[in-house]
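Dear colleague,

I am passing on the structure we spoke about, and my notes on it follow directly below. Please read them with the coordinates open.

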Amino acid sequence: MGLKRIVKKSLGLGEMGFTKDGGNINWFPGHMAAATRAIKSRLKLSDLVIEVRDSRIPLSSAHPELQSQLSSKRRILALNKKDLANPNILNKWVHYFDSCNQDCIAINGHSKSSVQKLLELVELKLKEVISREPTLLVMVVGVPNVGKSALINSIHQIAASRFPVQEKMKRARVGPLPGVTQDIAGFKIANRPSIYVLDTPGVLVPSISDIETGLKLALAGSVKDSVVGEERIVQYLLAVLNSRGTPLHWRHLNNRSEVNQFESDNKREYNPKDLRPQSRKPLNVSDMLYVEDMVTEVQRALHVSLSEFDGNVEDENDLENLIEQQFEVLQKALKIPHKASEARLMVSKKFLTLFRTGKLGPFILDDVPDVNPPKP
């Protein structure tokens, strides 16, 4: 039985309210509709498009309504957040897109050297146009929270050192929530010829018909947690981990010495939100050790629960029972009081933060398509 069927049946997700008519859930803010129209209009004027996708979901993070228009443009797929993705599988994804005759590069938007390689590819692709056009326009597009603003900021820093830009360059805002950039702004990054980069807001389609695609977008943070619910997102994540047998690879943690464990009564409460890249709060040594210890406890708990599980993870009922057990062991591993009124929600939020910051390891949720695939 496929994971998608298991997810739909065992978690009772149905359409999950991803459609615009899905009950009280409304996911398509007004600015997204306006932004989509503006993006489509400006795409016609662009000389090259950088489509930013999340390396963990190279296909699911594509905007389906823009693909037909993007396919007719000079386009570079920038698979961002490569530091959070499994490098071996990511290489297969890059090879897949190359086989589709689509320029693709894996990047880390926070790394200048990584972004520099992207800019070199941009210049290469624009080389034939530069000789006859005095002004060139590069457009950056992508769904929410794939790291477009971080990429733009890195481009600004590189451009400032390479080109005699006259005006003071404005930094793009970076935030943990999808939809931080809510307008389209142009930034000059080069002279002779003049090259402008347009940063655009992240936009999603009004209706996400495929349940698993919607869940992957939610897990990666492209859909606000409140739209789907943190508990449902964690249920899906646990379903994926268990179906792949990922916790079984953490068996070595059972032999880890207990000497350096931090006891909760000797350590202040630590908020995993501080792990997010946009947080400016530095971690001291004890904080880092505490987080490492917490991650180890989480991985050990999931390993034990799956290795001792006598059911079948391919059976929706068995999988549902396993996930319920894992919520309990995660609550203990994360040191959340059992009497807390929102204990389950607290478990979900902390576990999601550990996943999204890469503390549980690198992952790619999309499967690489077979040989002779259709165009992306």
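From strand β1, Leu 48, Ile 50, Val 52 and Asp 54 point one way while Val 49, Glu 51 and Arg 53 point the other way, and all are buried (under 20% relative accessible area with a 1.4 Å probe, protein chains only). β1 covers residues 48–54, and seven of its seven residues are buried; strands here are DSSP runs of E of at least two residues, helices runs of H or I of at least four, both numbered from the N terminus.

This is a predicted model, in which local features need pLDDT of at least 70 and side-chain atom pairs count only at pLDDT 80 or more, whereas totals for chains, interfaces and linings use all residues. Residues are numbered from 1 along each chain as its sequence is written, and side-chain values use heavy atoms, with hydrogens and water left out.

β1 runs parallel to strand β4 (residues 135–141), joined by four bridges, and Leu 48 has Val 138 as its bridge partner there; strands pair if DSSP finds at least two bridges between them. With strand β2 (residues 75–80), β1 pairs in the parallel sense over six bridges, and the partner of Glu 51 in β2 is Leu 77.

Further along, the axes of helix α9 (residues 230–244) and helix α11 (residues 316–333) come within 10 Å and cross at roughly 110°, the axes being lines fitted to C-alpha atoms over the stretch in contact, with angles from 0 to 180 degrees between N-to-C directions. The two helices, α9 and α11, are therefore roughly perpendicular to each other (65 to 115 degrees).

Best regards

Note on methods: Buried < 20%, exposed > 50% of the residue type's maximum accessible area, 1.4 Å probe, protein only. Parallel < 35°, antiparallel > 145°, perpendicular 65-115°, else oblique.
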